[in-house]
Amino acid sequence: MKAKRELRIASRASQLARIQAQLVGHAVEKQFSNLNITYVPVTTTGDRSAEMGNLPPKNKDDFVKEIEELLLKDEADLAVHSLKDVPSKTPDGLAVHTVLQREDPRDVLVGQANVFCLDRSAKIGTSSPRRRALLNFRFKTNNVAHIRGNVDTRLRKLDSDEYDAILLAAAGLQRMNLRDRIDAYLDPTNFIPAPCQGTLAVQFRHDDVQMASTIAPLQHLRVEAAALCEREIVLALNADCTSPIGVYCEDLGDEYALHAIVLNAAGTETLELRVNDHDPIRIASNTASSLIAMGVEELLHS
């Protein structure tokens, strides 16, 4: 009997990250039955910081660098990430590709049924500069409080009445089978999501031809195209995870609709663009150029 091939899949150690890794692992198993999959959970620097209640890191590397090191040292074969957590620039020697269909990209409100009806004194929890700025810009909500930790931790803080409501990504709650906790979905063309929110990505050594062929059946051209569009805009603007930026490349089937918004930290000033095109790369280039010409750098540093 032919021995099964080992496949070591690394991910962050949170429950959501493990679920996402297993989604990819199960999808691979459906395509290749000769695999023996093991999962390698990693508690990253960013995770340790979050659980200690520290301020959000200024660099997404804190959530992926230890995992990337495992790949580069050949201590893991494949890493699974939420693509929104992966920096636009990745280390030499590693390839990044989207896999599976994009999950719901929307932000959701948990704890209150309608963001429009929130009392101005209601304490809303989020650690995202984008969500904080958008809450003030769209709904004139100023009582936004810092919250850290994984999804479970944030829900426990809400349930213990530390917050009146919290904002989370729909994708995470849906993947954790916690749809019943969602009280309201926010329109992604208005409350524009983080770039690549809801999109899963894998990372592996760029010269691993066998791994490239293993994940190929899990890839979807239009998901990859939309993700590339969103990431290219972030890269062109030289933005980081502290930048209040929303970018959503919506797949309309016959074309893409790009929704982009850049705000100052307070959410009192904004630049916003909506563009339709058949070519997502052209959308990215044109949108970034337009935002730069409109003074996005000054806005991001105001």
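In what order do the five strands of the open sheet stand? Load the model, which is a predicted one, and colour the strands to follow the answer: β2-β1-β3-β10-β4, with mixed pairing. Residues 35-42 are β2 and residues 94-99 are β4; these two stand at the edges with a single partner strand each, so one side of each has no neighbour in the sheet. On average, neighbouring strands here are turned by 25° against each other, direction ignored.

Next, select residues 5-12, which are strand β1. β1 and β2 run parallel and are joined by eight bridges.

Move on to residues 78-82 (β3) and 200-205 (β10). Four bridges pair these strands, in the antiparallel sense. Pick Val80 and look across to Val202 in β10, its bridge partner.

The last stop is Asp77, in the loop between α3 (65-72) and β3. Is Asp77 buried or exposed? With a relative accessible area of 10%, Asp77 falls under the 20% cut-off and therefore counts as buried. Show its side chain: one of the polar atoms there lies 2.8 Å from the backbone nitrogen of Arg8. To see the surroundings, display the residues in contact with Asp77, leaving aside neighbours within four places in sequence. They are Glu6, Leu7, Arg8, Leu71, Gln203, Phe204, Arg205 and Met211.

Technical notes:
Residues are numbered from 1 along each chain as its sequence is written. This is a predicted model: local features need pLDDT of at least 70, side-chain atom pairs count only at pLDDT 80 or more; totals for chains, interfaces and linings use all residues. Side-chain values use heavy atoms; hydrogens and water are left out. Two strands pair if DSSP finds at least two bridges between them. Axes are lines fitted to C-alpha atoms, for helices over the stretch in contact, and angles run from 0 to 180 degrees between N-to-C directions. Buried means under 20% relative accessible area, exposed over 50%, partly exposed in between (1.4 Å probe, protein chains only). A polar contact is a pair of N or O atoms within 3.5 Å; within protein, one must be able to donate a hydrogen and the other to accept it, and residues adjacent in sequence count only if both atoms are side-chain atoms. Contact means heavy atoms within 4.5 Å.
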